[in-house]
Amino acid sequence: MDALVVEQVWATLMFILGSLILNTCSKWERKEQAVAKDPRNRYGKRKSDMVKPKTLRGSIMTFLGAGLCLGGMILFMIHV
């Protein structure tokens with residue numbers, strides 16, 4: 001293999017972008033979970049009130065990040 005073709009470069013960029021999106025989403029979810037676990041924020045509330053609903057932002061970021069990673073891997077392997 002002499003050099004990467006243009007599609008492989010794009011595939012690598014797609015994979016890196018998808019990884020960054022998934023990493024960012026994970027960091028945000030961990031921060032929100034840490035705030036929810038803090039006893040000072042739970043005082044006087046029932047456990048049923050503390051269930052965090054799934055956010056549309058988190059779902060979109062997860063699907064977009066996973067799609068970019070998977071698409072990048074497939075595109076790279078097609079042009080090997």
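A residue counts as exposed when its relative accessible area is over 50%, and as buried when that area is under 20%. I note at the outset that the model is predicted.

**Entry 1: Trp10.** I looked up Trp10 and found this residue in helix H1. Trp10 has a relative accessibility of 54%, so I recorded it as exposed. I then looked up its separation from Leu75, a residue 65 places away along the chain. The C-alpha atoms of Trp10 and Leu75 are 8.4 Å apart.

**Entry 2: helix H3.** I turned next to helix H3, which runs over residues 56–78 and has 23 residues. From its first C-alpha to its last, H3 reaches 32 Å, which is close to the 33 Å expected at 1.5 Å a residue.

**Entry 3: the buried residues of H3.** Which residues of H3 are buried? I listed Gly58, Met61, Gly65, Leu68, Cys69 and Gly72. I recalled that an α-helix has 3.6 residues a turn, so residues three or four places apart point the same way. Against which helix do the buried residues of H3 pack? I found that they pack against helix H1, residues 6–37.

**Entry 4: the salt bridge.** How many salt bridges does the structure hold? I found 1. The side chains of Glu32 and Arg57 form a salt bridge, with 2.9 Å from N to O. Glu32 belongs to helix H1 and Arg57 to helix H3, so the pair ties together parts that are 25 residues apart in sequence. I also looked up the accessibility of both partners. Glu32 counts as partly exposed because its relative accessibility is 26%. Arg57, with a relative accessible area of 36%, is likewise partly exposed.

Methods: Residues are numbered from 1 along each chain as its sequence is written. This is a predicted model: local features need pLDDT of at least 70, side-chain atom pairs count only at pLDDT 80 or more; totals for chains, interfaces and linings use all residues. Side-chain values use heavy atoms; hydrogens and water are left out. Helices (H or I, at least four residues) and strands (E, at least two) are DSSP runs, numbered from the N terminus. The expected span of a helix is 1.5 Å times one less than its number of residues. Buried means under 20% relative accessible area, exposed over 50%, partly exposed in between (1.4 Å probe, protein chains only). Contact means heavy atoms within 4.5 Å. A salt bridge is a side-chain nitrogen of Lys or Arg within 4 Å of a carboxyl oxygen of Asp or Glu.
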